[in-house]
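Dear colleague,

Please find below the structure that I am handing over to you. My findings follow after it.

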Amino acid sequence: MNSQSSIRNPQSTLEKMNIQMIISGVGGQGVLLVTRIISDFALREGYPLIGSEDHGMSQRGGSVITYLKIGDFNSPLVKRGSADILLSLERSEALKTLHYLRPSSNGQNGGLGFINASDPNYMNEPIRNYLREKGIEIHIFPADRIAVEMGSVQSTNIALIGFASAHPRFPFPHDKLRQSIDRVTPPKFREVSLKIFDKGFLEGGKSMKP
Amino acid sequence: MSSKEERVVLGNEAIARGIVESGCHFFAAYPGTPSSEILPAIVRFKKENNLDIYVEWSINEKVAFENALVASYTGKRTAVAMKQVGLNVAMDPLMSSAYIGTVGGFVIITCDDPGPFSSQTEQDTRFMAMFAKVPVLDPANPKEAQKMLPIAFELSEKYQIPVILRPVLRVSHAQQTIAFNPIAQIERKASFEHNPQRWSATPRFRFILHKQLNQKIKNIAEAFNSMSLLNFIENDRDRASLGIIASGIGYSFARDILSELGLQGEIPILKIGTPYPLPVEIVESFIGKCDHVLILEETEPVIELQITDKSKLIGRLDGTIPNEGEMLPETITRVISDLCTKFSIPVPEVRSTAPLEKMVADLGLSVRRPTLCSGCAHRASFFAFKRAFPKGIFPSDIGCYTLGMNLESVDTCHDMGAAVTFASGLYQAYHQDGKDIPIVATIGDSTFYHSGAPGLLNAVYNGAKFILVILDNSITAMTGMQPTPESGLTADGHPGNPLSIEELVKGCGVKYLRVVNPYDIKGLIREAEKAYKYTLQKDGGMAVIITRYPCVINQREQLKVNPVKVDIRHTPAPEKGLPQVKSKEMPSSLLPVIQEDKCCQCDTCVIQCPVGAISRTGDDYVIDYNKCTGCRVCAQECPTSAIEMPAVGACIACGYCLRRFECPSLIRGEDGRVKIDRLTCVDCGLCLQVCGQGGIYKVSS
């Protein structure tokens, strides 16, 4: 169970939020922790959340995909072509879940994807062109390398959210996510998680100048 | 703004919350995806709020059902939870309980698995409710499931009838923000009233009870018409060209899709929370106002079939909604959008993602299949038994170990306990023809307690002779580490009485029993061969081997005590292509040679040789050294070690370990060589016993 509990924050000054999101990866990569961080954020800020998780058979090393919807939604699944955000912890799983991202009609402000991969050009030319045409913006970042360098290979997920939170169109504010990480991660990993999150943010700021 | 405590919880936790908020006194369950998280959440609420609620993990669903049912006869509020196929196991008491009824509220939570994701069928529990004649509630999301539970208990008490709550996987495993309501404190002391005419009714009274049941269902259907919390219309209007009747998850999808398409003000929805008995009055009046009605319900046309006049209906019966698989938002969007076009309702174009999907599909990315974890002792067991009996038949069962399929050591997986009964049926079928072949049934400890033991009693009684392997990892691993009776821990962590599998097996009349540590693969192979010999003896019988080693996920620490670091020694770097040895380039002393005196003429080498270099003429096997690539597959597969081939002492990338051992930590690198994935390797050292080439070696500490 998520041990998160809260009385709604009445001071929340953020605008109304309607965000659909996909988190993909492989069993054991910590997809569920990302979900928990975002859930904590939504709960604190008083945004209703609904989503879906994989359990059982799919946890045994298979592909894992989590759907999250923040705002006025009733159903837990995100439809293909509807996600505002994709966070993917694994390069192949990222490709397999790319089609969830929302294409735009004018080639601008489509869905935003953040992918953990070492080679920034690992997607082939036709796919990259297609995404560009549809206004889908993809950022590739070696989150696992950063996490390993900073001494916690399990925190690849945290490095990737840190990176994403530097993007001006990423809907969740960096400082609020930081507070959620502080609350949600087990005490043993808390300090290193926050360091890795900040490092990801720093790298994101460098590579995604507005 | 509400000042109630809010939490983001899993659907099953929302259900648990609904159960405790209803003042439930007694809860029993058997784990099964997607229902397993309900009981642990009840235990947490019990501890957080210091509640007096009896909670148990039962041995199986029938046992759970009957325990909770009879507790309701004492006036208490009780509930039971299981997955949809678990209700098959509990069908016997369900059918009878509809007739007999309840005293205190009795609610059955059955989680369906459309897809299916973790089940053998996509069965729709709402049909089971209709079959048994008990009311069923179909929640649209976790929040509604929580809200429906107090209603379910009240209904059950008012009409003295069991009530089913049927969440689907997308409700049970959804997560949603919910508000916590106060927990009802309902004082009920156990008081069983003697009434043999009811509690042990004879067939004559059963007839009367059936009549009463029919009347109850009629009254409940009537009442449902006016229960607007469960059944209501959104965007009601006098006339509509298209309306939607939606139940459960179908309603959630319909709501989101209509709002996305900007049609929320255009198309009225009749939300049905009670698919059986159907509130016919409001359904018919809604249909009367619409020219066409789309029905969205998961998984079978339960509502659709109950509507007498089907002339306006669009749904599963006419094939508009697919009749198998999970209902997906993409499908419903397309259906609604097509219907709007057809009935001249303006609708925005739905953007296709097909071109991108095609581009990705063309990359031919491998599908990640689920696999046993690194270090899992089941892998060692499966490897050993396949090695001992390459031509055996391997009936298996339901649990993590179904994944033994990847190691070609699982031939059947049918339903809980069927490993044992399938093995005995197979034995008898072959034995009838005078043939005895190695039959090795594998079953987990929890599944053995659940329903394996009756099959074993039957096998012993009827003289079946096969090997039964009880894979004992001392936990119910697949569904999330629930305790088994062996541990002696009860559902809320209090000590119960630990049971012994050995005693149970002996009690079933088995004379041959061995307990083996599967991490000793070679020892296990020897034990397997001995057990088979026993089954062949004239005075032999059933042979049971318990392979006991704790689940590595549950007891990671235990492995860390004595880690075995391994590495792979490779042949010198190849100039091009795979580092594979060609026989022509090999010294003749390294080529495979068949030892005729050891050969059992099983043809395994002929079948397994990847290049077809081994052929059989009469009793003779010939190796064509022009074709042989020196890959060693024949030497490694031969069950009697009749093919001699000196080890190279290095990995030649033959792939034997990848195929036969299938450890997720042994991977093929981009250069074709086998590598160890250090991220996932748990240092179990099992692969040391697998590579016949001597390529995997222990790193000295």
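Chain B holds an open sheet of five strands with mixed pairing, in the order β9-β11-β10-β12-β13. Its edge strands, each pairing on one side only, are β9 (232–234) and β13 (313–314) of chain B. Please note that this is a predicted model.

Within the sheet, β10 (residues 240–247) and β12 (residues 290–296) of chain B pair in the parallel sense over six bridges, and B:Ile244 stands opposite B:Leu294 in β12(B). Helix α12 (residues 280–289) of chain B packs on this sheet, where it touches β9, β10, β11 (269–272), β12 and β13 of chain B. The direction of α12 makes about 130° with that of β12(B).

Turning to the interface, 58 residues of chain B are in contact with 56 residues of chain A. The two chains bury about 5000 Å² between them, 59% of it on carbon and sulfur atoms. Of the area that chain B buries against chain A, B:Gln175, B:Leu356 and B:Arg368 supply 15%, more than any other three residues.

B:Gln175 also stands opposite A:Gly51, in a pairing of β8(B) with strand β2 (residues 49–52) of chain A that is antiparallel and runs over three bridges.

The rule finds four salt bridges across the interface of chain B and chain A. B:Glu260 forms a salt bridge with A:Lys79, with the closest N and O atoms 3.4 Å apart. There are also 13 residue pairs in polar contact across the interface. The largest share of the side of chain B that touches chain A, six residues, comes from α11(B). By class, that side has 27 nonpolar, 14 polar and 17 charged residues.

With kind regards

Conventions:
Residues are numbered from 1 along each chain as its sequence is written. Chains are lettered from A and ligands numbered from 1 in the order in which they are written. This is a predicted model: local features need pLDDT of at least 70, side-chain atom pairs count only at pLDDT 80 or more; totals for chains, interfaces and linings use all residues. Side-chain values use heavy atoms; hydrogens and water are left out. Two strands pair if DSSP finds at least two bridges between them. Helices (H or I, at least four residues) and strands (E, at least two) are DSSP runs, numbered from the N terminus. Contact means heavy atoms within 4.5 Å. Axes are lines fitted to C-alpha atoms, for helices over the stretch in contact, and angles run from 0 to 180 degrees between N-to-C directions. Buried area is the accessible area (1.4 Å probe) that two parts lose on being put together, summed over both. A salt bridge is a side-chain nitrogen of Lys or Arg within 4 Å of a carboxyl oxygen of Asp or Glu. A polar contact is a pair of N or O atoms within 3.5 Å; within protein, one must be able to donate a hydrogen and the other to accept it, and residues adjacent in sequence count only if both atoms are side-chain atoms. Ala, Val, Leu, Ile, Met, Phe, Trp, Tyr, Cys and Pro count as nonpolar, Asp, Glu, Lys and Arg as charged, and the others, Gly among them, as polar.
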